[in-house]
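Here is a friendly walk through one protein model. Please keep the sequence and the 3D view open while you read.

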Amino acid sequence: MTTTSDIPEPLIAALRDARHVCVVTGAGVSAESGVPTFREAQVGLWAKYRAEDLATPEAFMADPELIWRWYRWRRDVANEVEPNPGHYALARLAGIVPRLTLVTQNVDNLHQRAGSRNVIEFHGNIFVDRCFADGTEQTADDSLDVPVCPDCGGPLRPGVVWFGEAIPEDALNASWAAAIDCDVFLSVGTSSLVYPAAGLADVAQQNGAVVAEVNPNPTALATGFDFAIGGTSGVVLPELVDFVSL
Ligand code: BV8
């Protein structure tokens with residue numbers, strides 16, 4: 001069987017036989033929708049900042065107005081784009097394999113808009129607002145530069161997980177359990193630099209799963225995986241799902 005994306009036949013066979021498939025996605029899955037990846041140089045006003053330096057509680061406390069401007073810009077970007085064939089392929093795969101667990105590091109809601117259900121949002125969701133003090137979900141008054149919590153009067157923050165913050169317990173536990181239980185683990189569109197998300201592939205491999213990466217730029221972890229497919233998710237995933245569905 002020849003494929004334009006060089007998808008190895010043993011991987012397709014493993015997916016066809018799989019009882020449980022776990023997929024972890026990163027910013028690369030949204031790249032073909034037009035959302036800049038997390039570590040790509042930022043554009044325009046944000047070109048002079050590194051995302052890692054802005055996505056921290058320290059940055060928010062130092063300049064909440066700047067951080068709200070950054071997240072509102074990212075919300076606008078996410079709202080202006082559409083899911084791409086890679087997102088839709090993963091939603092389709094969920095209807096083909098007996099069980100699929102989709103864990104995303106992305107905060108842009110594109111998997112959900114493509115029809116994926118029960119998405120585990122490992123790093124939260126950019127469209128959720130939370131009280132900075134106690135993390136309760138609130139509704140921001142977007143007319144304010146820094147929206148305030150109706151309960152405590154303190155600042156609200158975007159409902160994402162910043163560097164140095166713990167992953168939401170339910171998301172961490174569910175992802176960990178899926179990595180342990182799955183037969184095939186797909187790491188798609190992530191640089192595998194951020195932990196604990198990047199550690200899930202190893203958990204899967206230690207528990208006997210077949211592990212494959214889909215990324216046009218092989219990551220440092222890829223050499224330890226069973227397969228590394230050097231292509232974009234918008235091209236590879238639809239083809240992979242077509243072959244699995246045959
Ligand atoms: C934690 C949400 C502990 C926000 C994000 C010092 C102090 C504290 C912690 C640490 C520390 N040193 C290290 C750590 C751990 C730290 C970490 O891993 N740092 C790294 C940088 C070394 N991790 C944490 O802090 C985590 N928490 O450890 O807590 C703890 C425990 C208990 C109590 C308290 C604390 C929390 C990390 C979460 C950070 N938040 N996002 C926001 O979005 O604003 S992470 C951020 O990186 C995004 O979520 C992003 O998804 C994620 C990973 O990046 P990628 O998705 O991989 O994106 P990237 O741009 O890097 O790569 C894109 C890839 O796609 C590339 O490989 C590219 O080749 C590929 N690609 C491009 N186009 C395509 C494509 N692939 C396919 N198709 C294409 N078309």
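## A salt bridge to start with

Which residue forms a salt bridge with Glu 65? The partner is Arg 69, with the closest N and O atoms 3.8 Å apart. A salt bridge here is a side-chain nitrogen of Lys or Arg within 4 Å of a carboxyl oxygen of Asp or Glu. Both Glu 65 and Arg 69 sit in helix H5 (residues 64-80), four residues apart, about one turn of the helix. Helices (H or I, at least four residues) and strands (E, at least two) are DSSP runs, numbered from the N terminus. Side chains of opposite charge can pair when their charged atoms come close. Searching the whole structure gives twelve salt bridges.

## About the model

This is a predicted model, in which local features need pLDDT of at least 70 and side-chain atom pairs count only at pLDDT 80 or more, while totals for chains, interfaces and linings use all residues. Residues are numbered from 1 along each chain as its sequence is written, and side-chain values use heavy atoms, leaving out hydrogens and water.

Domain 1 brings 14 residues to the contact and domain 2 brings twelve residues, where contact means heavy atoms within 4.5 Å.

About 870 Å² is buried between domain 1 and domain 2, and carbon and sulfur atoms give 61% of that area. Buried area is the accessible area (1.4 Å probe) that two parts lose on being put together, summed over both. Ala 27, Val 35 and Val 107 supply 49% of what domain 1 buries against domain 2, more than any other three residues. What does the rule find for salt bridges across this interface? It finds zero, but there are three residue pairs in polar contact, both residues being at pLDDT 80 or more. A polar contact is a pair of N or O atoms within 3.5 Å; within protein, one must be able to donate a hydrogen and the other to accept it, and residues adjacent in sequence count only if both atoms are side-chain atoms.

## Around the ligand

The ligand is surrounded by 33 residues, and the closest are Arg 39, Tyr 71, Arg 74, Thr 190 and Ser 191; a residue counts if one of its heavy atoms lies within 4 Å. A polar side-chain atom of Arg 39 is 2.5 Å from a ligand oxygen atom. For Phe 38, a backbone N or O atom lies 2.9 Å from an oxygen atom of the ligand.

## Backbone details

Tyr 195 and Pro 196 are joined by a cis peptide bond, with omega about 5°. Pro 196 lies in the loop between strand E7 (184-188) and helix H9 (200-206).
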